[in-house]
Amino acid sequence: GASIRLDGVVKQYKGTAKPAVQKIDLDIEAGHIVAFVGPSGCGKTTTLKMINRLIEPTEGRIFIGDRDVTGEDPDKLRQSIGYVIQSGGLFPHWSVSKNIGAIPRVLGWDKARIAERTEYLLDLVGLDADTFRDRLPKDMSGGQQQRVGVARALAADPPVLLMDEPFGAVDPITRVRLQDSLIAIQHELAKTIVIVTHDFEEATKLGDKVLILSEGGKIEQYGTPEEILAK
Ligand code: ADP
Ligand code: ADP
């Protein structure tokens with residue numbers, strides 16, 4: 001994993017009266033899972049997308065490891081940051097292996113290396129490679145698609161994994177399985193993971209640290225689940 005640092009980060013969307021995120025200073029340790037939690041509209045996704053360079057901060061700087069990524073081309077970050085969204089974001093008419101290989105192909109990996117990586121990742125996320133390699137996402141359950149989404153995000157072995165409500169659209173039993181699977185993956189790969197959730201229980205279960213945001217993107221608390229629950 002790599003550390004992530006936000007230094008005085010502000011986001012005010014054009015044509016809005018108030019910032020969506022105000023002056024966030026935040027240090028995320030390499031190899032930790034941090035859960036962003038808070039009510040709808042408090043700026044969780046906005047903060048995640050600024051780290052991913054999908055949107056530009058109005059003020060402040062963002063660092064991945066020692067690297068200031070604030071002005072960087074978002075496409076360059078794809079090797080450093082894997083990204084998982086609620087709906088999986090898979091191409092429905094591409095096979096599982098084609099989806100997982102998308103970024104390595106762009107990076108110019110050869111076929112054998114991509115195939116080997118795909119087998120490894122399918123196994124890691126708990127999908128049988130022989131069963132799922134050629135399947136289309138549209139013919140899979142939401143939970144299975146989300147497992148592929150995680151595999152795809154990890155394809156180029158990025159040090160950072162950003163997840164926006166990754167388990168928000170699956171049933172409660174599948175959700176617990178996916179959460180446990182993520183913890184196992186984290187132990188295996190030691191990625192730095194930021195997960196956005198509106199579920200406080202999920203945040204305290206998964207997070208080494210939990211960041212509680214309130215309306216207007218203000219940090220209410222940042223600490224271990226024990227520290228958060230003690231208050
Ligand atoms: P959360 O992820 O915590 O639900 P968001 O980061 O999506 O919150 O949104 C934070 C605030 O910014 C909300 O008030 C939302 O309406 C506003 N917002 C989000 N995206 C845009 C946008 N593209 N233009 C204007 N306002 C936006
Ligand atoms: P949405 O509008 O649904 O929130 P986004 O704009 O956040 O979606 O992302 C669009 C797509 O871009 C996603 O499906 C995601 O897979 C891809 N993407 C964005 N950033 C990255 C990244 N760093 N690495 C790989 N894929 C990315």
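1. Ligand 1, backbone contacts. In this predicted model, an oxygen atom of ligand 1 lies 3.0 Å from a polar backbone atom of Gly43. For Cys42, the distance from a polar backbone atom to an oxygen atom of ligand 1 is 3.1 Å. On its own, ligand 1 exposes 560 Å², and the protein buries 57% of that area.

2. Ligand 1, surroundings. The shell includes the run Pro39, Ser40, Gly41, Cys42, Gly43, Lys44, Thr45 and Thr46. Tyr13, Thr16 and Ala20 also belong to the surroundings of ligand 1. By class, this shell holds 4 nonpolar, 6 polar and 1 charged residues. Lys44 is the charged one, as Lys counts as charged.

3. Which side chain places an N or O atom 2.8 Å from an oxygen atom of ligand 2? That side chain belongs to Tyr83. The side chain of Lys49 has an N or O atom 3.3 Å from an oxygen atom of ligand 2. Ile81 takes part through its backbone: a polar atom there is 3.1 Å from a nitrogen atom of ligand 2. The protein covers 66% of the 560 Å² of accessible area that ligand 2 has on its own.

4. Ligand 2, location. Ligand 2 sits in the largest pocket. Strand β6, residues 81–85, gives the largest share of the shell around ligand 2, with 3 residues. Ile81, Tyr83 and Ile85 are among the residues around ligand 2.

5. Ligand 2, make-up of the shell. By class, the shell of ligand 2 divides into 5 nonpolar, 2 polar and 3 charged residues.

6. Overall fold. The protein chain has 10 helices and 10 strands. Its radius of gyration is 17 Å, close to the 17 Å that the globule rule gives for 231 residues, so the chain is as compact as a globular protein of that length. Along the principal axes, the C-alpha atoms of the protein chain fill a box of roughly 50 × 40 × 30 Å.

Note on methods
Residues are numbered from 1 along each chain as its sequence is written. Chains are lettered from A and ligands numbered from 1 in the order in which they are written. This is a predicted model: local features need pLDDT of at least 70, side-chain atom pairs count only at pLDDT 80 or more; totals for chains, interfaces and linings use all residues. Side-chain values use heavy atoms; hydrogens and water are left out. A residue is near a molecule or strand if one of its heavy atoms lies within 4 Å of it. A polar contact is a pair of N or O atoms within 3.5 Å; within protein, one must be able to donate a hydrogen and the other to accept it, and residues adjacent in sequence count only if both atoms are side-chain atoms. Accessible areas come from the Shrake-Rupley method with a 1.4 Å probe; for residues, only the protein chains shown count as cover. On a 1 Å grid over the protein atoms alone, a cavity is a set of points where a 1.4 Å probe fits but cannot get out, and a pocket is an open set with protein on both sides within 12 Å along at least five of seven lines; lining residues have an atom within 4 Å of a point. A molecule sits in a cavity or pocket if more than half of its atoms lie within 2 Å of its grid points. Helices (H or I, at least four residues) and strands (E, at least two) are DSSP runs, numbered from the N terminus. The radius of gyration is taken over C-alpha atoms; the globule rule is 2.2 Å times the number of residues to the power 0.38.
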